[in-house]
Amino acid sequence: MKHILGAAAHAARAEELASGDRPRVPTETLEWARLHAPASVTAVLRRLPAASPGGGRVGELLRDLDAALRAGLRP
């Protein structure tokens, strides 16, 4: 899971830290990742277990992105 979504989750956290923890920043980054994820990524995710707990803030962001992609959410 981390090898599929980890780059986007780490990018969202880096932008969050650079912005002084503005809450909107990671949401915008994850929205971008959802919009640009090919259908093949969602297909692979659905064959894997959902993202596991843990991993601190990056883990939270990863789980948010995982859940949104599995649900087919598009902003």
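How many residues does helix H1 have, and what span does H1 reach from its first C-alpha to its last? Helix H1 (residues 2–18) has 17 residues and reaches 22 Å. That is close to the 24 Å expected at 1.5 Å a residue, where the expected span is 1.5 Å times one less than the number of residues.

This is a predicted model: local features need pLDDT of at least 70, side-chain atom pairs count only at pLDDT 80 or more, and totals for chains, interfaces and linings use all residues. Residues are numbered from 1 along each chain as its sequence is written, and side-chain values use heavy atoms, without hydrogens and water.

**Overall fold**
- The protein has 4 helices and 0 strands (DSSP runs, numbered from the N terminus: helices are H or I of at least four residues, strands E of at least two).
- The radius of gyration is 12 Å, close to the 11 Å that the globule rule gives for 75 residues, so the protein is as compact as a globular protein of that length. The radius is taken over C-alpha atoms, and the rule is 2.2 Å times the number of residues to the power 0.38.
- The C-alpha atoms fill a box of roughly 35 × 25 × 15 Å along the principal axes.

**Around H1**
- Of the 75 residues, 33% count as buried (under 20% relative accessible area, 1.4 Å probe, protein chains only).
- In H1, the buried residues include Leu-5, Ala-8 and Glu-16.
- Helices H2 (24–36), H3 (39–45) and H4 (56–71) are among what covers the buried residues of H1.

Note on methods. Buried < 20%, exposed > 50% of the residue type's maximum accessible area, 1.4 Å probe, protein only. Contact = heavy atoms within 4.5 Å.
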